Amino acid sequence: MLNIAVLVSGGGTNLQAIIDAIDNGKISDTKICMVFSNNRNAYALERAKKHGIKTEVLVPAEFENRSAFNDAFYELLVSENPDLIVLAGCLVVIPEKIVKAFSGRIINIHPSLIPSFCGTGYYGLKVHEKALERGVKVSGATVHFVDEGTDTGPIILQKPVMIRDDDTAKTLQQRIMEQAEWKILPMAIDLIAKGKVRVENGHAIIDGYDPDVLLG
Ligand code: GRF
């Protein structure tokens with residue numbers, strides 16, 4: 001059984017996709033042991049509660065300083081000790097101490113095809129605004145392991161989404177979530193739960209990987 005902690009900040013549609021995939025068997029042998037948010041008002045917390053999942057909230061602004069928040073955040077995760085930490089729209093920069101303690105056990109969903117439109121400052125709608133500004137014809141989403149850098153860890157899965165002439169950042173964001181994020185994030189968790197993902201020389205390798213079958 002893979003115990004996962006899902007870290008969120010907002011609406012939680014990716015969390016919902018994970019909950020649904022566990023319920024309908026698309027993710028096997030996995031349990032969400034905790035949903036963490038840095039934002040008390042995140043609707044993601046309601047989604048978790050509706051499914052009887054334990055929630056935890058730590059708000060950085062309520063701590064004396066960032067380092068006190070980071071320590072509490074670290075203690076919380078270490079005491080829960082999940083097999084995998086899933087960043088699903090989590091806007092908190094994960095402190096190095098946590099990345100080190102959970103090395104190879106943290107994944108993130110990013111709404112672009114890394115290495116395009118990623119790194120510091122590329123979050124939320126900004127990612128899509130930049131893609132439209134550049135005039136790219138295709139964007140998408142990436143699930144990757146988290147390392148000490150920003151969006152630099154080994155890439156597990158990517159799925160492209162075509163850009164339309166009439167797209168706005170909002171329509172593109174929505175289509176990337178529907179067509180890519182809500183599919184590849186649960187898929188990556190299932191592959192990890194089945195022990196099919198390993199990292200070699202900085203690359204994530206999936207046993208029996210066939211993108212046409214998997215992502216069709
Ligand atoms: C998603 O686009 C995700 O890729 C990004 O933030 C958004 C979160 O959406 N990091 P939600 O909270 O899962 O609905």
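Let's start with what makes an aromatic pair here: rings of Phe, Tyr and Trp (its six-membered ring) pair if their centres lie within 6.5 Å, and planes under 30 degrees apart count as stacked, over 60 as edge-to-face and the rest as tilted.

Before going through them, some housekeeping. This is a predicted model, where local features need pLDDT of at least 70 and side-chain atom pairs count only at pLDDT 80 or more, while totals for chains, interfaces and linings use all residues. Residues are numbered from 1 along each chain as its sequence is written, and side-chain values use heavy atoms, with hydrogens and water left out.

Take F36 and F73: their ring centres are 4.7 Å apart and the planes sit at 25°, so this pair is stacked. It ties together distant parts of the chain, since F36 belongs to strand β2 (residues 30-37) and F73 to helix α3 (residues 66-80), 37 residues apart. Those labels come from DSSP runs numbered from the N terminus: helices are H or I with at least four residues, strands E with at least two. F36 is buried at 0% relative accessibility, and F73 is buried with 0% too; buried means under 20% relative accessible area, exposed over 50%, partly exposed in between (1.4 Å probe, protein chains only).

Next come F63 and F69, an edge-to-face pair with 5.6 Å from centre to centre and 75° between the planes. Here F69 is buried at 0%, whereas F63 is partly exposed at 26%.
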